[in-house]
Amino acid sequence: MTVIIGLEIHVQLNTATKLFCSCSTDYRDDPPNTHCCPVCLGLPGALPRLNRKAVEYGLKVAKALNMEVPEESEFARKNYFYPDLPKAFQITQYDKPLSIRGVLEIEDDEGHEKLVRITRAHLEEDPGRLVHKGGGDRARYSLVDYNRSGIPLLEIVTEPDLRSPQEARRFLGRLRATLEYLGVFDGDKEGSLRVDANISIKGYERVEVKNISSYKGVEKALTFEVTRQRNLIRRGQPVTVRETRHFQEGRGVTTASRSKEEEHDYRYFPEPDLRPLSVAGWVEEIELPELPVARKNRFVEQYGISLNHARTLTGDLKIAEFFEKIASVDPVLAATWTADTLLGELNYRSMSIAAVPPGHFAGLLKLLKEDTITDKAAVQVLRTMLDSCAAGNECEQPAAIVEREGLARATGVDFAAIVRTVIAGNPQAVEDYRAGKKGALNFLVGQVMRETRGRADPRELGELVAACIETTEG
Amino acid sequence: MAGTLSFAPDDRCNAFITTCDAAPYGDGKLSGVAVAVKDNISTCGIQTTCGSRILAGYVPPYDAHVVSLLRGEGAAIVGKTNMDEFGMGTTTETSGYGPTLNPVDQTRVPGGSSGGSAAAVAAGLVPMALGTDTGGSIRCPAAFCGIVGLKPTYGRVSRYGLVAYANSLEQIGPMARSVGEVSRLMEVISSYDSRDSTSFDRPYTHQPSADIESLRIGLPQEYFGEGVDPRVAETVRSAIGRLEDLGAETVPCAIPSMAYALAAYYVICTSEASSNLARFDGVRYGPPAPTQKQWHEAFQEVRGEHFGKEVRRRIMLGTFALSAGYYGKYYGKAQVARRNVRQDFERVLGEVDVIAGPTMPTVAFRLGEKSDPLSMYLSDILTVPANLAGVPAISVPCGTVDGLPVGLQLIGRHFAEEQIIDAAYAYEQEGSA
Ligand SMILES: [Zn+2]
């Protein structure tokens, strides 16, 4: 059963001001309705004035996604009633979008390169936001916050080229990275990316899943939907009527919408308050920065790191920039420790890489490179350091942690004595080792490591233990 | 602030919805001049209703660009004038605040939709006023009340702060008793405003001149034909004869696209209006929506109750014209007709300097006379084409029929207000003598 997925992605462009007025877009930490003016409140008589920067950002994306930019594009009104929409219409683009027909390269489920076709990308204004008082369906009343009203959105629509929820997530990851590389988007801002997905099992009708408001939610929502649709087919009740469902992020399920709500006739017509937009020639002037694929290839070439590491490190602009700051210590060591250890530790703590001072991490790498600490001790130092950063204090220097905790690779310690004690105390394991059980050696090494608090290199210890057993009478 | 003007008009024609009994004014070209502003133009701190009950009590927190300009030149904003609800009418009878009467004959309508502004000027309550013209709303009441009114080129005056009825057609313009006063007010309001993306930086700074030697005037047959009261046509012809005496030449011409102008106009203005007026839902403006009901029920109730009949009719017409499956048939076709009208005007105005004809096909109607909406729509036939073409047009008084004023309409090229103002000025200064 082939899965067919197409996405409609709304991303907030990170211009300094809104799409049609000069209100600031930096509203997230401020009280409701403090970033508003007659234009974004939709007051009678106010008129939109197009933000050139938003157009430039839209064109950057168009160029990065290899899209065609028609000579002329046009804004249109999408008419519908909703309390978060102050004018009762949204200024968007309809039959003359800013850009059409592009592609984005991703890796498919087998790791092969694959091109996903982009149908169109157009500019539009974000509506305000409703806050339901009393919670969910039982809210007694709703409040409207217009701080978000008029934030520039770029709606990017793909062809139904994606074949699994995982592929959809990878597509979004690559798209997000591309937008961040372009400097037009900040994915760390809450609500800056919203997705609607069309999903069907080949041969059956499609379902539109709305309201996916996070990057992680997409795979979850689509996985739920694939299972649901497959089960329906197995039970002989496949999807035969086009349906709209809403993703309930908290519960991880999609639920049917009351169909009446979705039967909109938006009565699009050209926005009479804005002139058609001529961007011909403008696109040529736009210079693109290095994008994820190019950076990945450069990392492999310039730093001699593995393709897998390069892929991970370039998947996020901030990580790529972080890596380039610390690579000089030792590129391969830096790549390994960033991709295989640091990112996992950050993820576990829900921390951003922005919280880690590159100099500190480089210091840790130096301690490793100079053999001052073992890998095991390094992990411990890293964890202590990240905990200190997460607590909002000044990050502790790795060298200071090593000093304080006494984690430096042991010198002058009588390892042989410890090993002898461990061997004497675990006759069964020694016997197992002699009988050819490799695992027994690891167990014994572990015991020694515990005694030395990780300050010795496990490989060296293994050799020492093995030699010691050989010279001990059985 | 230079002072305060006390304003207590004897408003027996119901020209005002709101008056300011102590209007502050400053220094400048219009220092201390009382100016009335049509009630669809936003005035900071002064109620702005658009003649509609749905906006009763709405006080804008900002000034329209033209109002800022007026204040900047020292004018005293003395009040907000009555109008057809949201500009939808030709008589000022659809106002939610009662009809305005024609000061010339109080059994007659003043025309519309800027009837309050025209009546306030004609009754001598103010020397000048601002109106707005979507399909004749400045020129019609100017003609019916016997004053001068100018609809500027589309884009010459900023619409920022004008509560939209039909964005692609309407302009704010000056109304006064004389061409000179209209010219003076036009100079103040035409200063550029980047907040209106459809406006141009073409400020008007002209001193009217009565020299119209060798001015070529086109007389379209459509402006003197069927539906035009022969006595009105005759009055206008003789006014044009006086312009010939003053050195102008006349040339017969034709604007065949006028056959579709009215239909195109009503499709476009109702379509745009249906979208513009959707925001009035009783939540943020006007009488509050009942909060114990579901939001969509509450706002339907507010809209049904507080919009007048003509407004509801036009919202429904426009909603229908834009709906899926009908867009191409109505809105799309109307845009084609509009382009044709524009091309016809550009062609004719390539051959002549100005086009002349009656402003309205008749003199002012009796109150209640136009009870049938279609016959009211038909009376816009001579004014609507200039809005479709975006060209400037002025109405100047040119005599009477049965004691009621008749207006001479002069239509010019894009951004050639200067030329039609000179022609109107020449007639006013020399012709009517
Ligand atoms: Zn704003």
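## A walk through chains A and B

Strand 3 (residues 76-79) of chain A and strand 4 of chain A lie side by side in the antiparallel sense, joined over four bridges. This is a predicted model, so keep that in mind as you look around. Across that pairing, A:Arg77 faces A:Ile91 in strand 4 of chain A.

Which sheet do these strands belong to, and in what order do they sit? They are part of an open sheet of three strands in chain A, with the order 4-3-14 and antiparallel pairing. Strand 4 (89-92) and strand 14 (269-270) of chain A are the edge strands, each pairing on one side only.

Now move along chain A to another group of strands. Strand 11 (residues 207-212) of chain A runs parallel to strand 12 (residues 243-248) of chain A, and four bridges join the two. With helix 3 (residues 215-234) of chain A, strand 11 and strand 12 of chain A form a β-α-β unit, and that unit is left-handed.

Strand 12 of chain A also pairs with strand 13 (residues 253-256) of chain A, this time antiparallel and through four bridges. In strand 12 of chain A, A:His246 stands opposite A:Lys210, while in strand 13 of chain A its bridge partner is A:Thr255. What links strand 12 of chain A and strand 13 of chain A in their hairpin? Four residues lie between the strands, and A:Gly252 takes a positive phi near 70°.

Here are the strand pairs of chain A met so far:

| Strand pair (chain A) | Direction | Bridges |
|---|---|---|
| Strand 3 and strand 4 | antiparallel | four bridges |
| Strand 11 and strand 12 | parallel | four bridges |
| Strand 12 and strand 13 | antiparallel | four bridges |

**The domains of chain A**

Step back, and chain A can be read as domains. The domain assignment gives domain 1 (3-285), domain 2 (292-405) and domain 3 (415-471) of chain A. The C-alpha centres of domain 2 and domain 3 of chain A are 31 Å apart. Where these two touch, domain 2 of chain A gives four residues and domain 3 of chain A gives four residues. On the domain 2 side of this contact in chain A, one residue is nonpolar, two are polar and one is charged.

**Where the chains meet**

How many residues of chain A are in contact with chain B? There are 23 from chain A, in contact with 29 residues of chain B. The side of chain A that touches chain B divides into 13 nonpolar, three polar and seven charged residues.

**A look at chain B**

Chain B contains twelve helices and 13 strands. Its radius of gyration is 20 Å, close to the 22 Å that the globule rule gives for 433 residues, so chain B is as compact as a globular protein of that length. Along its principal axes, the C-alpha trace of chain B spans about 70 × 60 × 45 Å.

An unreviewed UniProt entry gives the annotation "domain: Amidase" to residues 26-420 of chain B. That span of chain B is 34% helix and 15% strand, and its end C-alpha atoms lie 31 Å apart.

Under "active site", UniProt (unreviewed entry) lists B:Lys38, B:Ser113 and B:Ser137. Why can these residues be said to gather at one spot? They span 100 residues in sequence, yet no two of their C-alpha atoms are more than 10.9 Å apart, so they gather at one spot. To find one of them, look in strand 4 (residues 34-38) of chain B, where B:Lys38 has its place.

Definitions and conventions:
Residues are numbered from 1 along each chain as its sequence is written. Chains are lettered from A and ligands numbered from 1 in the order in which they are written. This is a predicted model: local features need pLDDT of at least 70, side-chain atom pairs count only at pLDDT 80 or more; totals for chains, interfaces and linings use all residues. Domain bounds come from an automatic or database domain assignment. Two residues are in contact if their C-beta atoms, placed from the backbone, lie within 7 Å. Ala, Val, Leu, Ile, Met, Phe, Trp, Tyr, Cys and Pro count as nonpolar, Asp, Glu, Lys and Arg as charged, and the others, Gly among them, as polar. Two strands pair if DSSP finds at least two bridges between them. A crossover is right-handed if, with the strands pointing away from the viewer, the path from the first strand over the helix to the second runs clockwise. UniProt positions are given in the numbering used here, feature names are shortened, and annotations may be inferred rather than shown by experiment. The radius of gyration is taken over C-alpha atoms; the globule rule is 2.2 Å times the number of residues to the power 0.38.
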